[in-house]
Amino acid sequence: MYYGQAAVQIDEHGTVNWSHFEMVSRLHHLEMQTRFLPHVSVLIAALVLAWYYETFDFGLFKYTSKKKGDAVDELLKKKHQLVGKECIPDTNTCFLIVDSYYLENGRLTTKRDLLLEEHTEYSLTGVEVESTKPVNWDNLDSREWPVNKVVINARYARLLVAAGFIMDSLSFDENEHQDILIAGLGGGVMSNFLSEISYLNLDTTVVEKEEILISIAENYFDHFETKEMRVVHADFVDYIKKNNKKYDHIIVDACENKKADVMCPVSKILEKETIQLLKKRLTMNGSLAVNIYSTKDASTAEKTIYELFSNEFNSCFFLEYFKDKKVLICSKKDNWTWKQQKNIFKKNIELIDDMFEFKLSRFLH
C-alpha cells in the first residue's frame, strides 16, 4: 500500500508533489529491476550461447542462429549478390556490379561482373574476387574481398591481351621496353593484369571517356594507377589525334553504353580516319586487336568491319573465341594472318598458355 499512497500524496498547497512521485517511482523501478535482474541475465546468457552454439529450443519458441550450416553453402544458395549500382550523371545509363558464386573443381569461385543495366546478358568486365582467409561467417561479405588481378576469366579479354604476343609484337624479353595502348577501361581487368606482370617491361596507357567507369574500376575492381600503368580520362579518338606516340600493341575494347546492333566497337572507331590513325600509332612490328560484339546479324556486321580495317592494314584476320564471337587482329606486316602464319602463331599461343595459363589452345585451332 505504501507505493499506492505515495503516488497520490498531496502537499500543503493542494497540488501533486511531482518530485516526490518521481523519486519514489525510481526507487520502485530500481527494486523491480533488481528483483528480475538475475532472470534477465540468465535469459541473455542463454540467447548468447544459443547464437554461438547455433540453436536454442525454448519449448514453443525455437531460435536457430545464422551460424548453423556451412558459410560457403550459404553463398552457393544465394548464387548472386548485387554489389553496387552506378549511373552516368544526367543520363539513364546505369551499370550494375554483381558477384556470382559457384564451385569450380570443388573450390568456391566468386566472379564479379560489370553489367550494363539495359543489357545484362553481356559482361563489360569479369574478374575473380577471393577472401584472403578461409571463408566463414565472419568474412562472408564478398564485397570486401580483393580482386585477383592475375586471373582473366573472359576469353575475349585473354585474347585481346594475348594478340600482341601471338603476332610477335610483344615479347617475353624482360629487357625490352614495350608500350601498350587500351581503348576502354571497363573494370580494368586487362590493365590490372598487365600491371601485375612485373617480370616484363610493359608500359600501359588506358583511355576512358566516362569518368564514372574510372570510379567504378577503382571502387569495385581494385584498379589503381602505377608507375607502369596510367588512366587517361579522354575520348579515345581525340587522344590518338593529339598524341603521336607509337605503340607495340593497341587493344580496342571501347563499347556502347546502350544496347545497339553493334555494341563493340563504338561507331566512331569504325570511321576511316580513325582506322588510319590506329595504323599510324603502331610501331612497324605493332599489332591491333579489336573486340567485336554484335547483338543482331553478326555475320554481316563482322564482314563490314573486316572490310573497313583490311582496306587500311596490310594484314587482318578474325580469331573466334566463342561461336559467333570474334576478335579482329590487324598488322602492318604483309601476309601476317592466321592462314599464312598458323604454325608460328600456334607456337606463340603455347608459350602464352605456359606463361599466363590462358588456355587459348583449347579453342584456337
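Residues are numbered from 1 along each chain as its sequence is written. In this predicted model, local features need pLDDT of at least 70 and side-chain atom pairs count only at pLDDT 80 or more, while totals for chains, interfaces and linings use all residues, and side-chain values use heavy atoms, with hydrogens and water left out.

View 1. A search of the whole structure finds 1 cavity of 30 Å³ or more, where a cavity is a set of points, on a 1 Å grid over the protein atoms alone, at which a 1.4 Å probe fits but cannot get out. Among the 13 residues lining the largest cavity, Gly-184, Leu-185, Val-189, Met-190 and Asp-253 lie nearest its centre; lining residues have an atom within 4 Å of a point.

**View 2. Elements around the largest cavity.** Strand S6 (119–129) and helix H5 (189–196) each supply at least two residues of this lining, and H5 gives the most, with 3 residues; helices (H or I, at least four residues) and strands (E, at least two) are DSSP runs numbered from the N terminus.

**View 3. The largest pocket.** About 530 Å³ of space lies in the largest pocket, a pocket being an open set with protein on both sides within 12 Å along at least five of seven lines. Of its 25 lining residues, Lys-209, Ala-254, Cys-255, Asn-257 and Val-266 are the closest to its centre. The elements giving two or more residues to this lining are S6, strand S9 (202–208) and helix H7 (236–242).

Notes:
Points joined across faces, edges and corners; volume = space filled by probe spheres on them.
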